[in-house]
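User: Please take a close look at the cavities of this structure, with the cut-offs behind each term.

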Amino acid sequence: MEPFTKLTGIAAPLPMQNVDTDKIIPARFLKTIKRSGLGVHLFDPLRFNKDGSEKPEFVLNQEPYRKAEIIVAFENFGCGSSREHAPWALLDFGIRCIIAPDFADIFFNNSFKNGILPVRLPRAVCNQLIEDTKMGGNARITVDLERQVVVRPNGEEIPFEIDAFRKHLLLNGLDDIGQTLQHSTSIDSYEARQEQDRSWMPTTMTAA
Amino acid sequence: MSASKPRTLFDKIWDAHVVERLPDGTCILYIDRHLLHEVTSPQAFEGLRAAGRKLRRPDLHIAVADHNIPTKGSRIPKDIQEEDSRIQVETLEKNVKEFGVPYIPILDKRQGIVHIIGPELGLSLPGTTLVCGDSHTSTHGALGSLAFGIGTSEVEHVMATQTLLQAPQKNMRIDVTGTLGLGCSAKDVVLAIIGKITTAGGNGHVIEYTGDTIVGLDMAGRMTVSNMTIEGGARAGLIAPDQTTFDYIKGREFAPKGEAWDKALAYWKTLPTDPGAHYDTQVFMTSAEIAPMVTWGTTPGQVVPVTGIVPNPMDIEDEGKRAQHQRMLEYMGLTPGQHMTDLAIDVVFIGSCTNGRIEDIRAAAQVAKGRKVADGVQALVVPGSGLVKAQAEAEGLDRILLEAGFEWRDPCCSMCLGMNPDKITAGQRCASTSNRNFEGRQGIGGRTHLVSPAMAAAAAVTGRFADVRQMG
Ligand code: SF4
């Protein structure tokens, strides 16, 4: 996983609440067995007409936002289905950070696991940042994970909160599985304990 | 934590599964059961393969294909028409062989929607942790299992380690009391709950449903409520196990038997929330707030009683919310003030992991009996599993439905989401017993209204939304 340290990039405004994962990537594009290549379908219902042509009014079809690396949105971003295809599509498009007042839980988790930083900031701040993004090519926002600040184009720094463990993983681009496997002996002893305490737990059937 | 501190059902299951608490409070949580399907697992297997990793405990996993399986005609993978659907199913079959994962083949009579078959086969048990790469995993919480949906990276994490890294969640209690009115079902209860708490109301929480209305539901109804927990923003929705739960589980294929059953039962009885345990958030409702419900918008929280009208966006102060509301009306082809009962429908879908159980099909058949599906309406009944289908046929429900002009299909997710041949087309209005009314969920441009099975059947025979209480 690519580490996330400090990102300075173009931010696209998406002033909508409840942007659900069906909007981020509709179910018909989930029929893939790969993680890559989903960026072309990102926000398909908002971004394209039925004939596949672009909807010019959608922000990611406009300059300079075609190259956006940050999205600023409103409440409950990423609600709905647990599909990790949503962060994969965002990442494949080039989005590394989403700023919103709050996020749906599963999407929030999935983002970290793919090197995308979800930043929670109050609605009033998001409103300001949305105004900033309208400055087009000058709308470069910096997200500094190390120092936990978002820097507005005018230089104002806005601090944000993040869980220390997640920050550590993201800064170092660490994969969760490798981390957990370092605790294998704890898992072994948990299983041994469980065999005693919960001997009623049936296992399932044998392999296919 | 001292033994004397009163704990919630959630606290007890959580505490029993903590392998290790990391310095920042994140826990390595042991996972007792992992259910897999074809849509969210291929990239996880791909990841394992790339890293040269194996499944730690393949015996605690079980796989089934459900989202892409056609509901009529041949169901063998090689006959699936759409190429990418076929590839996903074939990839699952290949992966389960390679990694030694127990698998329920498509032609096995136990095949079905993953959240239907977990409880049905006795795989979902009280006091256990259960996960699946699917947000409606909350369903299994109805049995007192801490069950939640996970993303594909987490699927891979569970495969490799049999654990998940989880930050503790907050406790939320939703208490519903009172006798349900005529024509009201579990679906109406949960739609009313989401209408009240909103689609983000449960974010960051695990919900426990309490109160005599919930306790009075049968297991199918409880599963309907827990199933839609995720639509209220919470990942897991628990209901304390009681005699109804134990009677349901006993004798099921993978449930504990003999001495193990007695031990399990003794443990399960210790699980309900202790008196005085702390909930971070509490919501109280009475059955008076619950009528047969219909959603009008494109999130499950936009819901009114069937006797209600389409709300007016002009009544909303917040500008953003008002704009979103307007967009919904446009998408749904509705005007403020329209009576729900004036809305003509084109399609009816009865099925899904929310309402694809035998009790749901019985409720639909009861309304359909002796009536006919209205002209121009396509009505689909899709049992949630092969076992549900067989049971319905043994009870003659298929004949009642077929005589009334419904289609009787084979088990799958079907029209719940547009991943298999069952879809609605742009502009079509559908009364659906599924769980999501998002734009395009049932097919591009399709308009979904979420309802109970009885309400869906009533809509099918009248050609518009109808108050099931007046259908005698
Ligand atoms: S029935 Fe619908 S909600 Fe349930 S698992 Fe299938 S697609 Fe998901």
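Analyst: The structure holds five cavities of 30 Å³ or more. A cavity here is a set of points, on a 1 Å grid over the protein atoms alone, where a 1.4 Å probe fits but cannot get out, and lining residues have an atom within 4 Å of a point. Grid points are joined across faces, edges and corners, and a volume is the space filled by probe spheres set on the points. The model is predicted: local features need pLDDT of at least 70 and side-chain atom pairs count only at pLDDT 80 or more, while totals for chains, interfaces and linings use all residues. Residues are numbered from 1 along each chain as its sequence is written, chains are lettered from A and ligands numbered from 1 in the order in which they are written, and side-chain values use heavy atoms, with hydrogens and water left out.

Two helices of chain B, α4 (114-120) and α12 (352-355), each supply at least two lining residues; helices are DSSP runs of H or I with at least four residues, strands are runs of E with at least two, and both are numbered from the N terminus. By class, the lining divides into eight nonpolar, eleven polar and five charged residues. Ala, Val, Leu, Ile, Met, Phe, Trp, Tyr, Cys and Pro count as nonpolar, Asp, Glu, Lys and Arg as charged, and the others, Gly among them, as polar.

The ligand sits in this largest cavity, meaning that more than half of its atoms lie within 2 Å of the grid points. Among the residues around the ligand are B:H67, B:H115, B:D134, B:H136, B:C353, B:C413, B:C416 and B:R441, where a residue counts if one of its heavy atoms lies within 4 Å. The shell around the ligand has five nonpolar, five polar and two charged residues.

The second largest cavity has a volume of about 180 Å³. Of its 15 lining residues, A:K113, A:F165, A:R166, A:L169 and A:D176 are the closest to the centre. Both chains contribute elements with two or more residues in this lining: α4 (105-113) and α6 (164-172) from chain A, and β8 (163-166) from chain B. The largest share, four residues, comes from α6(A). Here the classes are eight nonpolar, three polar and four charged.

Terms used: On a 1 Å grid over the protein atoms alone, a cavity is a set of points where a 1.4 Å probe fits but cannot get out, and a pocket is an open set with protein on both sides within 12 Å along at least five of seven lines; lining residues have an atom within 4 Å of a point.
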